[in-house]
Amino acid sequence: MHPVLETLQQQFPIIIQSVNEDPQRHELSAQVERGGWGDVAQFLHDDPAMAFDHMTDICSVDYPDDFERFEIIYHFLSLPHGTRIRLKVRVTEDDPSLASICHIWAGANFLEREVFDLMGIRFTGHPDLRRILMPEDYDEGYPLRKDFPAEGKGWRSQMDFIPRLDEPVSEWSADEIPSDQRHQFMAGDSPDESKRTTEMLLNMGPQHPSTHGVLRVVLELDGERVTKAVPDLGYLHRGVEKLAEGLNYMQILPHTDRLDYVCAMTNNYAYVRAVEKLVGITIPERAEYVRTIVAEMQRIVGHLFWLGTQALDIGAMTVFFFTFREREVLLDMFEKLCGARLTLNYFRFGGVDSDLTPEIIASLKEFLNTFSAHIEEYDTLLKENRIWLARTKGVAVISGEDAINFGLTGPSLRGSGVAYDIRKLEPYGMYDKVEWEVPLGKAGDTYDRYWIRVEEMRQSARIIEQCLEQIPEGPIIAEDAKVIPPPKPDVMRDMQSLIHHFIIFTQGFKPPKGETYCATEVPKGELGFFLISDGSPRPYRMKIRSPSFVHMGAFDHMARGYLISDIITIFGTYDIVMGECDR
Amino acid sequence: MTFYELAMGMKVTLRHLLHYRPITLQYPHEKRLLPENYRGMLALLRYDDGTEKCVGCDLCEAVCPSRVIRVISAEVPNEPIKRYAKEYDMDMTRCLFCGLCVQACPVDALGMTREYEWAVYNKRNLHLNKEQLLAIGDRSFPNREKRLEFQHPNVAFFNLPFPGQPLKESQTLT
Ligand code: SF4
Ligand code: SF4
């Protein structure tokens, strides 16, 4: 047995009810008794042999037939040891409450609020347990419970917040917001009376050009300085996780395009990898190379997009035009490859949809030849630009320990000097066959994150170059009659293929019973898919660990003390996309 | 120092003014050339003799993630083993353009065209029926495939013409 599980069992012989090591997927999990959860969590974080310092995700599952109806599933990662662990706690329907772990991992704050919002589990000791994705006054129940219909309760026209023409006109009151609700965003920190007379509350968004979607932040200001910043999420919540429970595995794939809509390739990749891990498919080598190449192309696209918009938000318009020019070239290649520019839907279980043609490879090579010169060009615009330096150096600073504690990933974490890149820690695709480095920052400010993203583009170009050299000939999709549709020309010629084709496209395939968490490094950080299969063609539960959502949890911490004008920089520093944040 | 920076900045501006190389397109007047496999508007296809390809097997309806398609299939009159789609509707307001229906169709009766200018004033105009979808196919795919019976004996029983089937000339997009 794995030493971590052994120690846990020795330390908490009664509280740890069972442990399990999945031999195929190499995943550790343990069932914890609810009463002792706080102690176990503390031990996991503090003990040097455990050192699970990084909170990955919290998920909740509803099993309506069980006595202990709800299961809360925690995922932790130990950065020093590189191990992941999954802990499960069951609670009953009558008393759905559990000890909060916010004081141990600050990143748990938003994640616990999400579980409360969507499943109705109360976390005792949580400082601010409110709904997060659904509207705050939503009172129709908890959407992820199995007895909540996927289409919602009532259709839009019956929702009472939508005005109807046949209802009486509402009375104007002197004040739209009742006085008892005014202070709901001002909880905590009482103002220091000696310095000021009034404090200002400023709503930023949801319609603000630089929030990259619909994000609202309630800023509490002392003059121009931010004393508290409360993100209000959920304006783009579409219930992808709930939808997924009603779709078969293949049908979910196009929905993942719409999570982080500027980087659809890597979302596809993350989802497809999770399903492949669940089913256990091996991918042909050429397909792995193609996947790595397109994922890195997407990383370049994502970082170019970030660089352009971040500079635009700060006021440097030229960079935007330059980066979008290169982005366009890559998007044209995607279009040639799969027929779409943004919502790509290119990956398939066991491989990819279409092969890289010699024409695409040639244009990709040509692009790479000029790309380093283009990066130099951006550097000349920004690297020593005094305005850029003044507005990014020392803005949105977070220390390494805090960044880990908040569960940050991707460039936001590496900017603080923590070397955590899933492509190195748990190599997938062809990342262990090529040479590349993980750029690390020092100061943990926006400038370092900018530098990292630019450097990552160089590394991505390096990876693509090597992959293009090494790529072998061969099939681009695995053969597995039960999971992967047979090649189209065979379908109408061969009875067996026809039957498999019909079964896969009507019912979908049935993965074995089980569960798996699979993390993928996307341009924004760690995108994880947690799948629970009950043996049916639809996932019993699919949880998306989106980096943007977790990053927003650190927003308040990183925004305090800065000026209003810096708030835009701080939004941008995570490379946030609301489609993924709100899901 | 400041003037030097300004001068450097202006140099770039002037250089681009003299070497004018636009990378944008004047959209409604100029249009991009889209690749062959572009995933645009969906269409129903026909064989070279004008018969519909669709055999009403319902696979596209089953695979569509957002329930765009509705197929009502029926037997071809007087030919009990052959089926066709009596009604075929698509509600394009919900389509994700994922292409799964095209991949699912066993007889390649669906195609994705390169049409993308489908903005309408009334959403209900995006609810298309079989005739309209066939008309889109006719104008986008002038080169039609040979009918299946000439391709392979196994599949000859799918999709034969039948008496009274509407022909292409009588169909216009309403
Ligand atoms: S493209 Fe996708 S969403 Fe649109 S009709 Fe086909 S399967 Fe449905
Ligand atoms: S379009 Fe194709 S998949 Fe759909 S009903 Fe017709 S033959 Fe079947």
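This passage describes two chains, their contact and the surroundings of two ligands in a predicted model. Local features need pLDDT of at least 70 and side-chain atom pairs count only at pLDDT 80 or more, whereas totals for chains, interfaces and linings use all residues. Residues are numbered from 1 along each chain as its sequence is written, while chains are lettered from A and ligands numbered from 1 in the order in which they are written.

Chain B contains four helices and five strands. Helices (H or I, at least four residues) and strands (E, at least two) are DSSP runs, numbered from the N terminus. The order of elements from the N terminus is α-β-α-β-β-α-β-β-α. Of the 174 residues in chain B, 27% are buried. A residue counts as buried with 20 or more other C-beta atoms within 10 Å of its own, as exposed with 12 or fewer, and as partly exposed in between; C-beta atoms are placed from the backbone. Among contacts in chain B with a separation of 6 or more, 73% join residues 24 or more positions apart. Contact requires C-beta atoms, placed from the backbone, within 7 Å.

Helix H1 of chain B spans residues 2-18. Its 17 residues reach 24 Å from first C-alpha to last, close to the 24 Å expected at 1.5 Å a residue. The expected span is 1.5 Å times one less than the number of residues.

Ligand 1 is surrounded by 14 residues. The closest are Cys64(B), Val68(B), Cys95(B), Cys98(B) and Cys101(B). A residue is near a molecule if its C-beta atom, placed from the backbone, lies within 6 Å of it. This shell has twelve nonpolar, two polar and no charged residues. Ala, Val, Leu, Ile, Met, Phe, Trp, Tyr, Cys and Pro count as nonpolar, Asp, Glu, Lys and Arg as charged, and the others, Gly among them, as polar. Around ligand 2 there are also 14 residues. Cys54(B), Cys57(B), Leu59(B), Cys60(B) and Cys105(B) are the closest. The shell of ligand 2 comprises twelve nonpolar, one polar and one charged residues.

The contact between the chains takes 19 residues from chain A and 20 residues from chain B. On the chain A side, helices H5 (249-257), H8 (317-338) and H16 (495-506) each give two or more residues. H16(A) supplies the largest share, five residues. The classes on this side are eight nonpolar, seven polar and four charged.

Within chain A, helix H7 (residues 285-314) packs with helix H19 (residues 564-573) at about 175 degrees, their axes 9 Å apart. Axes are lines fitted to C-alpha atoms, for helices over the stretch in contact, and angles run from 0 to 180 degrees between N-to-C directions. H7(A) is therefore roughly antiparallel to H19(A), a term for angles over 145 degrees. Thr309(A), Gln310(A), Asp313(A) and Ile314(A) of H7(A) meet Ile568(A), Thr569(A) and Gly572(A) of H19(A). Two nonpolar, four polar and one charged residues form this contact.

Two residues of chain A have a positive phi without being glycine. Most residues other than glycine have a negative phi. Phi of Ala396(A) is near 60 degrees. Ala396(A) sits in the loop between H10 (386-392) and H11 (400-405) of chain A. Ala396(A) is buried because 26 other C-beta atoms lie within 10 Å. Phi of Asp575(A) is near 65 degrees. Asp575(A) occupies the loop between H19 and H20 (578-582) of chain A. Asp575(A) is buried, with 29 other C-beta atoms within 10 Å.

Terms used: Contact = placed C-beta atoms within 7 Å. Parallel < 35°, antiparallel > 145°, perpendicular 65-115°, else oblique.
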